[in-house]
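I opened this structure to look up a few things and write them down in order. My notes follow.

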Amino acid sequence: MNLILNSDSYKYSHFAQYPPETAAISAYIEARPGGAHDHVLFFGLQMFLKEYLSRRITMADVDEAEDMITAHGLPFHREGFEKIVTRHGGLLPLLIEALPEGMIAPTGTPLVQVRNTDPDFFWLPTFMETALLRAVWYPSTVATVSHGARTIISASLDRTCDSPAEVLPFRLHDFGARGTTSLEQAGIGGVAHLVNFLGTDTVSALVTARRYYHEQMAGFSIPAAEHSTMTSWGEDRETEAYRNMLKQFAGPGKLVAVVSDSYDLYRAVKNIWGEELKAEVEASGGTLVVRPDSGDASRVPVDTVEMLGEIFGSSLNAKGYKVLNPAVRVIQGDGVTPETIRIILGRLEDRGWSAENIAFGMGAGLLQKVNRDTLRFAMKANARQDDEGVWHGINKNPKTDPGKASKRYRQAVVRENGRPHAVALKDLGERENLMQPVWQDGELLVDWTLAEIRERAAAER
């Protein structure tokens with residue numbers, strides 16, 4: 001990828017639009033208040049820094065970009081891009097500061113701040129807006145949605161489960177790879193989910209975690225059926241299809257998931273699992289995870305838990321909630337959103353069932369049904385340095401939409417009453433600035449591991 005072409009068309013004329021005495025521009029990224037969550041779990045910048053910003057611009061890139069952009073009808077700042085190659089070895093003269101990845105901050109808190117380090121490149125920080133904002137909003141939004149689901153599940157487990165900390169990491173499984181627009185998106189969004197949980201079927205997330213965050217194995221899965229493998233046996237051999245799953249994958253301490261709604265879920269649970277194969281399920285020494293995959297997502301999984309309880313039995317835990325026989329559990333993987341999770345767990349609680357009886361698989365709702373406006377992400381210029389080295393605060397404050405007002409002056413982030421809070425850098429004083437340099441002039445200054453990020457996110461919850 002030619003980094004010069006990783007921008008929006010109108011950006012190519014901006015080099016000529018700043019005041020002539022400009023020596024530097026500072027810009028910052030935030031999730032503005034008013035979105036779907038009142039906080040954001042910051043994650044994902046490091047992937048972009050390693051994969052894209054580490055690439056050197058070459059004269060061949062400059063030639064290609066000039067040919068394309070001028071044919072596109074726009075001016076091309078060849079002199080400026082050539083200087084990146086000749087003066088800076090092809091690496092961008094930028095300083096990027098950011099909060100530590102994994103930090104959970106209130107919306108309205110600056111997450112990233114960028115400025116140029118060479119006065120000839122005052123136009124470069126905002127030229128990078130398209131790429132830099134995209135690198136931050138998507139993984140941070142997925143991580144925040146996943147974290148929101150974790151909060152709902154955790155609260156229910158705390159109320160109904162004896163060992164919530166042991167159960168929680170595998171309660172939300174990533175089913176979203178096929179619903180994304182690309183392999184790269186699946187990897188980026190998938191690893192964002194793994195900041196909060198350990199369950200995933202998105203293999204590209206494992207690759208991404210290993211490549212960019214030093215995590216040899218970021219998530220785990222189990223053998224599971226799909227409709228093609230079950231229906232290939234035919235409806236008259238449905239029992240044989242299920243028996244084969246037990247034969248191939250069940251055993252002491254093992255889990256196997258079987259989608260059971262290919263024809264009639266209620267018949268499959270009551271007659272096949274509950275009668276024909278009941279003894280084999282119990283004798284396996286492992287756990288059968290029944291997956292209802294159609295119908296009313298707020299009702300069918302609750303019915304499934306109750307049917308399995310009638311068939312296989314249950315016990316009361318120390319908190320007075322029913323727990324299924326260890327031989328069976330349920331996973332709901334269709335129509336799952338944070339709201340349906342809340343409804344399902346609420347209905348289970350109302351009927352006396354512990355949240356540990358069910359897990360959830362979330363697909364498009366996790367990795368695809370998000371956009372930049374989910375958390376109202378934006379990148380805006382906040383300061384301009386003149387040729388005498390003086391910084392001047394700049395911002396937008398539209399009367400037609402006060403919610404889009406941006407921050408003035410270079411920013412810092414401090415802790416006040418235990419929560420991150422934005423202040424103007426000029427007013428920082430002796431307080432610790434949580435924003436720290438992560439990239440300067442082509443050098444990665446901080447290299448977080450996924451383990452560190454997970455630990456930080458857990459401490460912030």
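**Salt bridges.** I looked up the salt bridges first, and the structure holds 25 of them. The model is a predicted one, and I keep that in mind for every entry below.

**Domains.** Next I looked up how the protein chain is divided. Domain 1 takes in 3-140 + 387-460, and domain 2 is 144-368. I noted that the centres of the two domains, taken over C-alpha atoms, are separated by 40 Å.

**Where the domains touch.** I then asked how many residues of each domain are in contact with the other. The count is 25 residues of domain 1 and 23 residues of domain 2. I wrote down a buried area of about 2,000 Å² between domain 1 and domain 2, with 61% of it given by carbon and sulfur atoms. On the side of domain 1, M47, Y138 and R454 lose the most area to domain 2, and together they make up 33% of what that side buries.

**Polar contacts and charges across the interface.** I searched for salt bridges between domain 1 and domain 2, and the rule finds zero. For polar contacts I have 14 residue pairs between the two domains, with both residues at pLDDT 80 or more.

**Elements on the side of domain 1.** Which elements each supply at least two residues of the side of domain 1 that touches domain 2? I listed β2 (39-41), α1 (45-53), α5 (129-160) and α16 (450-460). Of these, α1 gives the most, with six residues. I sorted the residues on this side of domain 1 and got 14 nonpolar, six polar and five charged.

**UniProt record.** Last, I checked the annotations. The unreviewed UniProt entry places "domain: Nicotinamide phosphoribosyltransferase N-terminal" at residues 2-96. I noted that this span is 35% helix and 17% strand, and that its end C-alpha atoms lie 20 Å apart. The unreviewed UniProt entry also has "domain: Nicotinate/nicotinamide phosphoribosyltransferase" at residues 170-410. Over residues 170-410 I recorded 36% helix and 18% strand, with the end C-alpha atoms 41 Å apart.

Technical notes:
Residues are numbered from 1 along each chain as its sequence is written. This is a predicted model: local features need pLDDT of at least 70, side-chain atom pairs count only at pLDDT 80 or more; totals for chains, interfaces and linings use all residues. Side-chain values use heavy atoms; hydrogens and water are left out. Domain bounds come from an automatic or database domain assignment. Contact means heavy atoms within 4.5 Å. Buried area is the accessible area (1.4 Å probe) that two parts lose on being put together, summed over both. A salt bridge is a side-chain nitrogen of Lys or Arg within 4 Å of a carboxyl oxygen of Asp or Glu. A polar contact is a pair of N or O atoms within 3.5 Å; within protein, one must be able to donate a hydrogen and the other to accept it, and residues adjacent in sequence count only if both atoms are side-chain atoms. Helices (H or I, at least four residues) and strands (E, at least two) are DSSP runs, numbered from the N terminus. Ala, Val, Leu, Ile, Met, Phe, Trp, Tyr, Cys and Pro count as nonpolar, Asp, Glu, Lys and Arg as charged, and the others, Gly among them, as polar. UniProt positions are given in the numbering used here, feature names are shortened, and annotations may be inferred rather than shown by experiment.
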